[in-house]
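Please look through the model shown below alongside this report. The sections take up the sheet, the helices and some backbone details in turn.

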Amino acid sequence: MQRYSPDPEPVLRCCLLSGGASSRMGCDKALLTHPEGDTWLERSLRLLAELQTPITLLSRWPRHLALAQALNLPDLETVAEPPPWEGPLLALHRLMERHPGERLLIAPVDMPDLNIGALHTLLSAAAAAPKMIQLAQGGEQLQPLLAVLPADAALRQGLAGAVALGERRLQSWLLQQHWQAVPLNPQAVRNCNRPEEIQPQH
């Protein structure tokens with residue numbers, strides 16, 4: 001009798017998005033000083049490194065890439081995002097094409113209160129339903145920039161087709177896929193886009 005081995009677990013990869021223009025903040029968000037002492041960029045990368053998985057930083061800003069490389073984190077690759085720079089959906093497409101078949105934990109650089117507990121909760125949901133997209137939810141609000149996605153062939157092809165047709169709205173595309181919300185502490189997953197949204201940690 002022929003025996004079949006189960007499919008191996010896909011590699012988990014953390015992907016940090018840090019390529020935005022920070023126009024609403026009025027300065028480079030990634031380089032703001034975090035209460036823990038590092039920049040938001042450094043703090044985000046160190047947090048993801050606690051998961052002990054490969055990490056990809058995608059940014060169009062050379063200073064971000066240089067700062068990340070100076071951390072000397074294991075299994076960290078820095079990728080200069082090429083133009084056009086048209087938002088996180090296009091960035092996601094590029095990451096899925098770069099890492100086909102892997103499971104991608106996508107995180108933004110502008111969640112200064114994100115913590116390891118929230119990441120573990122998100123990954124536990126992904127382990128229980130590996131074919132579905134897991135989207136962070138803080139209170140009543142979805143936070144689609146924090147998500148776990150299987151970069152399988154079907155999802156990659158669907159995203160490539162949407163991008164080719166001009167789709168650039170991340171949440172619009174995500175909500176058309178098979179997804180589920182993962183409730184998380186709203187404070188932990190809040191985005192900071194404007195100076196008045198920055199609050200001291202408690």
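What follows is a description of a predicted model.

The strands form an open sheet of seven members in the order 3-2-1-4-6-5-7, and the pairing within it is mixed. Strand 3 and strand 7 (179-184) are the edge strands, each of them pairing on one side only. On average, and with direction ignored, neighbouring strands of this sheet are turned by 25 degrees against each other.

Both senses of pairing can be followed in detail. Strand 2 (residues 55-59) and strand 3 (residues 76-80) run parallel and are joined by five bridges, and Leu57 has Thr78 in strand 3 as its bridge partner. Strand 4 (residues 103-108), by contrast, pairs with strand 6 in the antiparallel sense over four bridges, and here Leu104 stands opposite Leu149 of strand 6.

## Helices packed on the sheet

Helix 2 packs on the sheet, where it touches strand 2 and strand 3, and its direction makes about 170 degrees with that of strand 3. Helix 4 (residues 116-128) also packs on the sheet, touching strand 1 (12-17), strand 4, strand 5, strand 6 and strand 7, and its direction makes about 150 degrees with that of strand 7.

## Helix 4

Helix 4 has 13 residues and reaches 18 Å from its first C-alpha to its last, close to the 18 Å expected at 1.5 Å a residue. Its buried residues are Ala118, Leu119, Leu122, Leu123, Ala125 and Ala126. Because they cover an arc of only 155 degrees around the axis, they lie on the same side of helix 4. Ala127 and Ala128, on the other side of helix 4, are exposed. The cover over the buried residues of helix 4 includes strand 1, helix 1, strand 4, strand 5, strand 6 and strand 7.

## Helix 5

Helix 5 is followed by Gly166, whose phi is positive, near 100 degrees.

When neighbours within four places in sequence are left aside, Gln143 is in contact with Met111, Ala136, Gln137, Val189, Arg190 and Asn191.

## Backbone details in the loops

Most residues other than glycine have a negative phi, and most peptide bonds are trans. Against that background, Gln52, which is not a glycine, has a positive phi of about 55 degrees. Gln52 lies in the loop between helix 1 (40-49) and strand 2, and with a relative accessible area of 73% it is exposed. Asn72 is likewise a residue other than glycine with a positive phi, near 55 degrees. Asn72 belongs to the loop between helix 2 and strand 3, and it is exposed, its relative accessible area being 67%.

The peptide bond from Pro83 to Pro84 is cis, with omega near 0 degrees, and Pro84 is located in the loop between strand 3 and helix 3.

## Ala70 of helix 2

Ala70 is found in helix 2, and Ala70 is exposed, with a relative accessible area of 56%. Ala70 and Glu42 are 28 residues apart along the chain, and their C-alpha atoms are separated by 9.7 Å.

How values were computed
Residues are numbered from 1 along each chain as its sequence is written. This is a predicted model: local features need pLDDT of at least 70, side-chain atom pairs count only at pLDDT 80 or more; totals for chains, interfaces and linings use all residues. Side-chain values use heavy atoms; hydrogens and water are left out. Helices (H or I, at least four residues) and strands (E, at least two) are DSSP runs, numbered from the N terminus. Two strands pair if DSSP finds at least two bridges between them. Contact means heavy atoms within 4.5 Å. Axes are lines fitted to C-alpha atoms, for helices over the stretch in contact, and angles run from 0 to 180 degrees between N-to-C directions. Buried means under 20% relative accessible area, exposed over 50%, partly exposed in between (1.4 Å probe, protein chains only). The expected span of a helix is 1.5 Å times one less than its number of residues. The arc is that of the directions from the helix axis to the C-beta atoms.
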